[in-house]
Structures are given as C-alpha cells and as structure tokens.
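Trainee: I'm new to this one and would like to go through it with you. Could you put it up so that we can look together?
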Amino acid sequence: MQPITDIPRRKEEVKMKQERILMAHGSGGLMSQQLIDEIFKAAWNNELMEMLDSAILNLPAGRLAMSTDSFVITPLFFPGGDIGKLSICGTVNDLVACGAKPLYMSTAFIIEEGFPLSDLRKIAESMAVTAQEVGVKLVTGDTKVVEKGSADGIFINTTGIGIIPEGINYRPQRVKPGDKIIVTGYMGDHGLAIMAQREGLSFNTPALSDCAPLYQLGQMTSQYGQAIKCMRDPTRGGLATVLNEIARQAGVGIRVKESSIPVLEVIRGACDMLGMDPLYMANEGKMVIFTDAEKADEILAELGKLSQTQNAAIIGEVYSDPAGMVLIETELGAERILGMLEGEHVPRIC
Amino acid sequence: MSEISDYQQQLLHAIQTEKASVTLMEVCGTHTMAIAKSGIRELLPPNIKLLSGPGCPVCVTSQGDIDAVIELVRQKDIILVTFGDMMRVPGTYSSLQEERSQGADIRIAYSPLDALRVARENADKEIVFLGIGFETTAPAIAVTLEQARSEGLGNFSVFSLHKVVPPALELIFSDPDINVDGLICPGHVSVVIGVEPYEILAQKHRKPCVITGFETLDILEGIYMLLKQIKQGDAQAEIQYRRVVKREGNLVARQSIEKVFKPVAARWRGLGVIPDSGLALREEFEHMDARLKFNIPEMEEIPIKGCACGEVLTGKISPPECLLFGRACTPLKPVGPCMVSHEGSCAAYYRYTPAKGRG
C-alpha cells in the first residue's frame with residue numbers, strides 16, 4: 001500500500017488535486033488503486049477484501065436471503081446519519097425483515113467528478129462503523145467516477161446476503177385474521193429530518209433521522225419462530241404504504257388506531273404545518289411486525305428492552321374484511337381509509 | 001389530553017343531536033382535508049351537510065392559466081420554480097410533470113425566497129416563480145419581489161396566479177343555485193385579512209361566518225358555533241381560531257400585498273371571471289411580471305370533458321356525484337385538479353372515505 005503523498009513524480013500537483021475526486025480515480029489505474037487503499041481498505045480493514053475479481057465466502061448451511069438497494073439521498077449528511085450509514089442500514093434492515101441474519105455485503109459507488117475526498121472518507125468510515133456494529137462484513141466493491149453533472153455527488157449501491165435460521169418463514173401470505181400489528185417506534189422521523197435539512201426548515205426540537213441497523217431486533221424476533229408472520233421496514237411511502245402492501249398480498253383487511261401509532265410531537269407538529277402525513281413519511285430504523293395475537297404482548301415487552309425499539313406499540317389487528325384494505329380509527333372514533341401513497345408526497349400551498 | 005377529548009365528545013354529541021336541516025360550507029381546502037382525515041363528515045347526522053368550497057388554490061386555477069404556464073416552460077432558458085402541488089395538475093394537453101420529463105427545468109420550492117437563490121446561481125437563465133395561493137402566500141411573494149428589486153436581480157420574475165378569497169365568497173352567497181346556511185371560514189387566510197371582510201358578507205347576506213382552526217377540536221367547535229348562531233337567527237362573523245387570528249388581521253402582511261399587487265379580474269375554475277379577485281403586479285413591479293416579460297397570451301378556456309370540478313368547487317355536487325370520480329379520475333391518474341391537489345375535495349373524498357361512502 002502506497003500513500004498518496006509518496007507518488008514519485010509531479011508530487012506537488014497530485015497533492016493539490018487529491019482533495020477532490022478526479023476522472024482518473026475511476027480509470028482502473030494507479031489512482032483507482034490508491035483510492036481503494038487509502039479510503040476504503042483503510043476504513044474497512046477487512047481480511048476478506050482480497051482484491052480478487054469476486055469475494056469468496058464460506059457460508060453456513062440454511063436458506064440464503066439476498067437483498068439489494070441503491071441510495072441517492074440529498075443531503076448526503078443529515079441529522080442522525082449520512083448516506084454511508086444509510087446504505088448499510090437499508091440493506092441490513094431488508095435482510096432482517098426476511099428473518100435473515102446479515103453476514104456479507106458488497107458495495108458499489110458511483111461518484112461525481114469533483115466530489116470532496118474528505119466527504120468520501122467520512123462516508124466510508126461511517127459505513128465501516130455501522131457494518132462493524134452489525135457484524136456484517138463488506139467483502140467486495142466497485143468504484144466508478146462519472147463526469148461532473150452526470151451524478152449528484154455520490155450514489156451508493158449495497159447488496160447483502162444473510163442466512164435465515166431454521167423455522168423462520170416471514171411472508172405476507174402467512175398473515176391471518178386475528179394477528180396483531182406492532183410498529184417498533186416513532187413514525188416519520190427520517191422523512192421529516194431529510195425534508196427539514198433539505199429545505200432549511202428548523203424546529204425548536206431538531207428532527208433526527210431514525211437511521212439504524214435493526215440487527216438486535218432480528219436476533220430477538222428469531223426466537224419467536226413461526227409466531228411472527230411477517231415483517232417489513234416502512235421506508236419510502238411509510239407505514240401506510242407497508243400496511244396496504246400486506247393487506248393486498250395477504251388478502252386481508254387491516255384496522256389500526258390513530259391514537260396508538262407512536263409519532264413524536266415535533267414530527268406531528270411539523271407535518272401539520274406542512275400538510276404532510278407522518279404515516280406516509282419514510283423511516284430508516286423501524287419495522288412493522290405481524291404476529292400471532294397470543295405472542296403480541298410478550299414480543300412487545302421484549303422490544304421494550306432494546307434501545308432501538310423501546311417505543312414499540314401494538315397499533316392494530318388483522319381482519320378478514322374488507323380484503324385488501326386498510327382502515328384507521330381516528331381520534332374521534334370515525335373510521336376512514338388509510339390508502340397507498342400516490343405520486344410524490346409534497347407540502348401544501350396554504 | 002383526556003379533557004380535550006371529553007370536550008370534543010361533548011361538541012360532537014351536541015352537533016349529532018341537532019334536529020334542524022343545515023348546510024354548511026368549509027371554504028378552505030385544508031379544512032376539507034382535516035374533515036375527511038378526522039372522519040367528522042362520517043359522524044355528522046344526515047340533516048347536517050358539509051359542502052366543500054372554492055378554497056384550494058390549485059383547484060380554482062383555471063385550465064387556461066395552467067396552459068399558459070406550460071407555454072412558458074417550453075421557452076428556452078427558463079427555470080420555473082413552483083410549489084410541488086402544481087406539478088401534476090393537468091392542463092389541456094400536458095402537465096408540468098410531463099414537461100419536466102421532456103426536459104423543461106422545473107424546480108420545487110417550499111419558499112419563494114428559494115427562487116431568488118436559484119436566480120443568483122443561474123445568471124444566464126430566466127427564473128420564474130409560479131405565484132399561486134390566496135392571501136396566505138401572497139405576502140411572502142410580495143416580500144420576495146421587493147427583495148429581488150432591491151438586489152437588482154434582472155433574471156427573476158413571477159407568474160402571478162394569486163387570488164383573494166372574499167370576492168369568491170360573495171359569489172357563493174349570491175348564487176341562487178348554492179344554498180349554504182353558514183361558512184366555516186379559512187383560518188390561515190384570516191390570519192392575514194382579519195374579520196372585517198366576513199362581517200360585510202355576514203351582514204349583507206344574513207349568514208353566519210366562523211373563522212375556524214384546523215385541529216379536529218377547532219372544526220367541531222366551529223361547526224357548533226355556526227349551528228348555535230343559525231338556531232338563534234344570528235348572522236355574525238366570529239373567530240373560533242382565536243389563538244392565531246386577530247380581529248384586524250396582519251397589517252404588515254396586508255400592506256406588503258398592497259404595495260406589490262393590485263386587484264384585477266381573475267378566472268376561477270367553476271366560478272368564471274370574478275372582478276377584483278386576482279392579484280397582478282403593480283406598475284413599479286411590472287418588469288418582473290412573467291406574463292408580460294415573456295409575452296404569454298391569455299389562453300382559451302377549454303373544458304375537460306366530463307370533469308365536474310367546477311360544480312364540486314361551488315358545492316353544487318359532492319365529489320362522488322361526478323361521473324369520473326374513482327373511475328376515470330383517481331389521484332394516480334387525475335383528470336381534474338380537485339383530484340390532484342392535496343387540498344382538493346375529490347382527493348380528500350377518494351383518500352379518506354370508506355368505499356361505501358364513495359357513491
């Protein structure tokens with residue numbers, strides 16, 4: 001590994017330019033190598049990253065889950081996280097939602113020419129910290145540089161694989177009338193934090209993204225085997241969209257109670273002001289759990305013991321009708337439809 | 001918390017036990033949404049009817065005006081900055097969303113001041129802010145125009161589709177086909193204009209008006225106050241939303257509107273041309289009037305076949321009575337603006353009313 005400052009010729013010039021990503025960093029040549037060594041290998045410090053064309057992995061027996069996600073968020077750094085942390089959490093949580101224990105991840109970067117190296121370093125380090133916390137290994141990666149204007153700073157793709165323990169089978173088709181629905185914490189934090197940051201809105205209590213890897217939740221739920229019917233992380237489209245997806249896929253009706261759904265006061269207030277609905281805002285560290293009714297209280301108590309899920313609540317129940325629909329009981333006791341998100345969720349005019 | 005919900009239940013009970021047949025109109029789109037979301041409409045007895053009024057700025061924008069904006073974004077080197085709600089509103093042949101996918105530079109902003117930033121950063125482009133909304137958004141746009149003038153930003157202009165509420169209410173009360181016994185008046189607009197415009201309306205037409213807030217409790221209290229007045233034969237303009245609305249409104253905001261804008265006749269969808277109901281830029285600001293700057297003509301008003309947004313906006317029919325509602329016209333594929341806007345009554349009915357109520 002050769003530090004950038006020791007490049008033999010035209011030392012001054014290279015040193016000056018190293019502050020930002022250049023097209024040459026994506027050339028596959030010496031500068032690409034240096035970028036990988038200096039930024040990614042330094043941050044990830046992973047014995048499995050052998051620089052072969054593929055990662056070679058030994059996997060335990062069992063069913064394999066695989067998930068991929070691309071991250072294109074603006075701003076890249078936001079209260080409660082950054083694109084690096086998000087790119088690990090997103091894929092980890094998708095694996096956890098399928099009942100898998102996350103083991104390995106790949107990552108691919110598309111970086112815009114001129115992107116600050118210091119930001120890239122921060123992102124790589126943030127990915128490393130999150131991956132280490134989860135116990136997932138970043139084993140292979142790719143870096144491409146595109147011309148200025150062809151990308152918005154940096155895009156990251158991560159793909160993860162994990163093993164599903166024996167006896168676990170989370171599927172919407174297993175959701176049946178009588179099952180209880182749990183959400184593992186406050187709804188809408190991530191969506192509002194991003195919007196506030198993007199638009200320069202500030203509140204007395206700052207809105208923080210809930211971006212977190214839910215591996216502990218995964219470990220806990222795996223002990224409940226078949227009692228848990230299905231899990232899904234309410235990212236884009238929020239809770240309302242996830243409930244609608246499950247209602248349709250399982251062919252069941254869902255009823256939730258507005259007053260039981262945990263929403264932070266600051267998020268509720270800001271959403272009211274903007275004409276947004278926290279139930280449609282993205283979350284990045286929450287799970288919706290469908291469970292056997294008789295295990296619901298026990299699972300809720302267990303969730304209460306974990307710091308990431310201590311505000312979990314039972315929000316509703318599954319019924320046979322109206323099939324494919326979600327109804328919400330308002331604080332007044334009226335019942336209305338909680339539909340899917342249509343188009344973009346944008347603030348109102350007045 | 002429980003005291004609030006006790007009071008809420010008491011109000012609801014008082015409203016539910018009212019025997020007289022009463023038709024009220026909620027003027028503001030935000031009220032329409034809040035009423036649908038909280039389920040108030042479902043809980044009202046059949047003798048109390050709530051109609052939605054012309055208080056959604058996106059919905060009342062005329063078809064011709066939308067076509068004119070589309071004409072504008074097709075010109076070279078234009079960046080249109082707009083509130084997000086306008087993106088999906090269908091014009092006669094296209095929408096801003098479609099124009100953007102075909103290369104028009106259209107950006108969504110939350111504040112008109114963002115448009116000034118875009119103007120400073122893009123000196124080689126013409127930046128047009130799409131000014132839409134009632135007395136609520138007009139002051140911010142007035143301030144933005146003053147700021148642009150004092151900075152000498154030559155590449156900034158505003159396409160003003162602004163409207164003011166009282167002339168439309170006058171028309172609602174005067175129309176013999178619209179039978180409304182009282183108005184739930186908009187909270188945010190009244191923060192700016194105060195009580196006086198409603199006092200004139202209430203006296204002239206002998207109908208009560210109550211300026212109402214947007215929480216469930218506010219709306220129930222507003223309805224209760226209207227029912228009480230109707231029962232007693234009163235016709236006053238009252239403020240329910242006292243924590244926010246002052247009698248005289250917001251003088252600073254009103255002055256800044258007056259400084260920058262002048263009243264002009266404007267076309268409202270469903271209501272036609274209403275005198276003095278629109279806001280155009282005064283002569284001192286005319287060089288920042290996008291309509292004049294880019295020579296955009298008045299466009300012909302081509303009605304959308306089958307779309308009853310006009311009747312919905314005047315409370316003549318409720319959204320499910322439109323033949324397109326929920327069939328050809330849904331929030332995903334809207335035909336008329338009342339289904340597009342987040343404050344639109346069709347969208348509110350479609351989103352929040354259980355299927356049995358959808359007609």
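Trainee: What scores does the model get for ipTM and pTM?
Mentor: This is a predicted model, and it scores ipTM 0.74 and pTM 0.82. For chain B, the average pLDDT is 92, and 98% of the residues score at least 70.

Trainee: OK, and how is chain B divided?
Mentor: Chain B is divided into domain 1, made of 2–55 + 177–187 + 205–239, and domain 2, made of 56–176 + 188–204 + 242–359. The contact takes 31 residues from domain 1 of chain B and 43 residues from domain 2 of chain B, while the C-alpha centres of these two domains lie 26 Å apart.

Trainee: Which element gives the most to the domain 1 side of chain B that touches domain 2 of chain B?
Mentor: That is helix 2 of chain B, with 6 residues. Among the other elements of chain B that each supply at least two residues to that side are strand 1 (22–28) and strand 2 (48–55).

Trainee: Is helix 2 of chain B largely enclosed or open, then?
Mentor: Helix 2 (residues 29–38) of chain B is largely enclosed by the rest of the structure, because 9 of its 10 residues are buried. The buried residues include B:G29, B:H31, B:M33 and B:S38. Just after helix 2 of chain B comes B:G39, which takes a positive phi of about 80°.

Trainee: Switching to chain A: what is the strand order in the open sheet of 4 strands?
Mentor: The order in that sheet of chain A is 1-6-4-5, with mixed pairing. Strand 1 (63–71) and strand 5 (137–146) of chain A are the edge strands, each pairing on one side only. Neighbouring strands of this sheet are turned by 15° against each other on average, direction ignored.

Trainee: How many bridges join strand 1 to strand 6 of chain A?
Mentor: There are 9 bridges between strand 1 and strand 6 (residues 154–164) of chain A, and the two run antiparallel. As one example, A:S70 has A:N157 in strand 6 of chain A as its bridge partner.

Trainee: And which helix lies across strand 4, strand 5 and strand 6 of chain A?
Mentor: Helix 4 (residues 117–134) of chain A does, running at about 175° to strand 4 (101–112) of chain A.

Trainee: Last topic: which residues touch the most other members of the largest nonpolar core?
Mentor: In that core of 211 residues, they are A:L192, A:L243 and B:I184. Helix 3 (residues 83–97) of chain A provides the largest share of this core, 8 residues. Leaving aside neighbours within four places in sequence, A:L243 is in contact with A:I254, A:V256, A:V326 and A:L338.

Note on methods:
Residues are numbered from 1 along each chain as its sequence is written. Chains are lettered from A and ligands numbered from 1 in the order in which they are written. This is a predicted model: local features need pLDDT of at least 70, side-chain atom pairs count only at pLDDT 80 or more; totals for chains, interfaces and linings use all residues. A residue is buried if 20 or more other C-beta atoms lie within 10 Å of its own, exposed if 12 or fewer, and partly exposed in between; C-beta atoms are placed from the backbone. Two strands pair if DSSP finds at least two bridges between them. Axes are lines fitted to C-alpha atoms, for helices over the stretch in contact, and angles run from 0 to 180 degrees between N-to-C directions. Two residues are in contact if their C-beta atoms, placed from the backbone, lie within 7 Å. pLDDT is the predictor's confidence in each residue, from 0 to 100. A nonpolar core is a set of buried Ala, Val, Leu, Ile, Met, Phe, Trp, Tyr and Cys residues joined through C-beta atoms within 7 Å. Domain bounds come from an automatic or database domain assignment.
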